Each structure stands twice: as structure tokens, then as C-alpha cells.
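Thanks for coming, everyone. Please bring up the model on your screens, and we'll walk through a few places in it.

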Amino acid sequence: MDLKLVFRIAGVIAAINGLGLLFMGTTFFAMANMTATPNLITVGQFTGVTVLFLALLQWRIPDIAGDAFSSLGQLFAIGYAMWFLIVGYHIMTGQAGGATAYVNLVVEAILAVLFFMQSRKSESA
């Protein structure tokens, strides 16, 4: 596995989440033990488009980053660690739960570690 593959995997996972938020908000939020109000669906749709943009960005970074590739991998490691912390906080406080929250928590932890490890490898190569 290399950093390019980690970016691509993260991009696919982000696209799945973005599409879920955009087109299946009620289901997405219900799986996180949240009540899907019309306002929450609206915020979810905006967030879904934002996550789709991040998916596109993650997919393209290996092709356009040049010398900054390893640094961008480290930046994404920090970003995924931040997502891990906020989702973990929401689970601990009872604001989120269910499959959506727990699966995302695990995926964010794995991706944070992979981004960190592979960017360090890429840096020394």
C-alpha cells in the first residue's frame, strides 16, 4: 500500500458518505440515531456536496500534489484524527450513535493512521 492508494480509498469512502448525505439523508441520520428533521436534511445535503468535493480532492491529490504529496498526506492524517475526535465526542455525549457513527469512527481511525504512516514512508522515499 502506498500514499496514493490511501488517498484513493479515502476518496471513495468520502464519496459514499457524501452521496448518502445528499440523496439518503433520512436513512443516513436515522442510522446515526438522529431525528431527520427538514432542517437537518437541508444541512446534510449541503454537507453531502461538501464531502463530495473533498472526495474529488482526495482522488486528485496524488496526480497534482507534486513535492507537497507527503505534506498533504500528513495534513489529511490530522484531518481524519480531528473527525475521529469529534465523532467520538458525539458518541460519548449521546448525540450520535448507531451504525453510521461507529463505522465512521473506525474508518476515520484507520485512515488517520494510514495517512500518517504512508506519508512518513513517502517522505523518506
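Start with Thr 100. Its relative accessibility is 11%, so Thr 100 counts as buried. Keep in mind that this is a predicted model. Where does Thr 100 sit? Its place is in helix α5, which covers residues 98-124.

Next, helix α4. This helix runs over residues 69-92, so to speak, 24 residues in total. From first C-alpha to last, α4 reaches 34 Å. That is close to the 34 Å expected at 1.5 Å a residue.

Which residues of α4 are buried? They are Phe 69, Ser 70, Gly 73, Phe 76, Ala 77, Tyr 80, Val 87, Gly 88 and Ile 91. And what do they pack against? The buried residues of α4 pack against α1, at 3-23, against α3, at 38-64, and against α5.

Step just past α4. There, Gly 94 takes a positive phi of about 80 degrees.

Last stop, Asn 33. Its place is in the loop between α2, residues 25-31, and α3. Phi of Asn 33 is also positive, near 60 degrees, and this residue is not a glycine. Buried or exposed? Asn 33 has 58% relative accessibility, so Asn 33 counts as exposed.

Methods. Residues are numbered from 1 along each chain as its sequence is written. This is a predicted model: local features need pLDDT of at least 70, side-chain atom pairs count only at pLDDT 80 or more; totals for chains, interfaces and linings use all residues. Side-chain values use heavy atoms; hydrogens and water are left out. Helices (H or I, at least four residues) and strands (E, at least two) are DSSP runs, numbered from the N terminus. Buried means under 20% relative accessible area, exposed over 50%, partly exposed in between (1.4 Å probe, protein chains only). The expected span of a helix is 1.5 Å times one less than its number of residues. Contact means heavy atoms within 4.5 Å.
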